[in-house]
Amino acid sequence: MLKGKTALVTGSTSGIGKAIATRLAAEGANVMLNGFGDAKEIEALRSGLERDHKVKVAFSGADLTKVEAITQMMDEAKAAFGGVDILVNNAGVQHVAPIDEFPVAKWDLIIALNLTSAFHTTRLALPFMKSRKWGRILNMGSAHAKVASPYKSAYVSAKHGLAGFTKTAALEGAEHGVRVNLICPGYVHTPLVDGQIDDTAKARGMSRDEVVKNVILAAQPTKEFVTVEQIAGLAVFLCSPSADSINGTELSIDGGWTAQ
Ligand code: NAD
């Protein structure tokens, strides 16, 4: 379905981003991976996707908290593939602490990565998408783009901000064939959530098991984690012609969390 298209998925060396990059490659898109991690594992992922799906896959280790690094990554995508048709702004980190103890550097990091980096990648990707009269921008929101939880002030602020940015970009892209949407997952058991289980346990004085049962899955009515494959399936759908009229929306994939 996506043969001839190029997808840039930020934060795709792990978790949700990796699953989305894999599904987009399976649909025939060339892919630019991004993120941190072990060089050998990343190369195995890159070459494995090329081999399994007969597409071109490049990798940028750009630190998306730095505008120069983002500019370089976008230049590399242009040199390798001509431009980016599908942009998935997925990279994100979390930190859990009460506001009056929240480390200022963590606030700055989360706003820079989870919110500001999407502005930079989007502004740099849009001219190519407009010239092609087709583009898909998928921003990775969260249930925390709609509701709050205590001790996650920076994350909740960044994700709510990303919801506003998504709507604005959707309006600006509407007449150019560009569709911009926010995917809002509930809890997915990735390394990000694993770290959060530890942080929440510390902040609330609970064990890891108690946090999973009484905090994390307590909020999710299905009492089941959302899977990375389910989110990747939604991402592929949003790139399909069936989704041509879906623009500027917040799509919950949270087992009913935000229905409460
Ligand atoms: P993850 O920790 O598994 O992956 C995060 C990715 O971001 C990794 O590839 C990492 O290398 C990359 N990254 C981190 N800092 C970076 C930086 N400075 N520059 C570039 N890349 C960087 O996390 P995940 O759970 O897969 O989360 C992915 C996205 O999904 C995040 O935006 C997160 O907020 C969102 N999300 C996750 C959940 C969940 O329950 N896991 C729920 C809702 C939303």
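This is a predicted model: local features need pLDDT of at least 70, side-chain atom pairs count only at pLDDT 80 or more; totals for chains, interfaces and linings use all residues.
Residues are numbered from 1 along each chain as its sequence is written, and side-chain values use heavy atoms, with hydrogens and water left out. Local features need pLDDT of at least 70 and side-chain atom pairs count only at pLDDT 80 or more, while totals for chains, interfaces and linings use all residues.

**View 1. The shell around the ligand.** There are 31 residues around the ligand, and S14, N90, Y155, V188 and T190 come nearest (a residue is near a molecule if one of its heavy atoms lies within 4 Å of it). By class, this shell has 15 nonpolar, 14 polar and two charged residues (Asp, Glu, Lys and Arg count as charged; Ala, Val, Leu, Ile, Met, Phe, Trp, Tyr, Cys and Pro as nonpolar; the others, Gly among them, as polar).

View 2. A nitrogen atom of the ligand is 2.9 Å from an N or O atom in the side chain of D63, and an oxygen atom of the ligand is 2.9 Å from an N or O atom in the side chain of K159. Taken alone, the ligand exposes 830 Å², of which the protein buries 93% (accessible areas come from the Shrake-Rupley method with a 1.4 Å probe).

**View 3. The ligand between two domains.** Domain 1 (6-186 + 227-252) and domain 2 (189-225) both give residues to the shell, so the ligand lies between them (domain bounds come from an automatic or database domain assignment).

Note on methods: A polar contact is a pair of N or O atoms within 3.5 Å; within protein, one must be able to donate a hydrogen and the other to accept it, and residues adjacent in sequence count only if both atoms are side-chain atoms.
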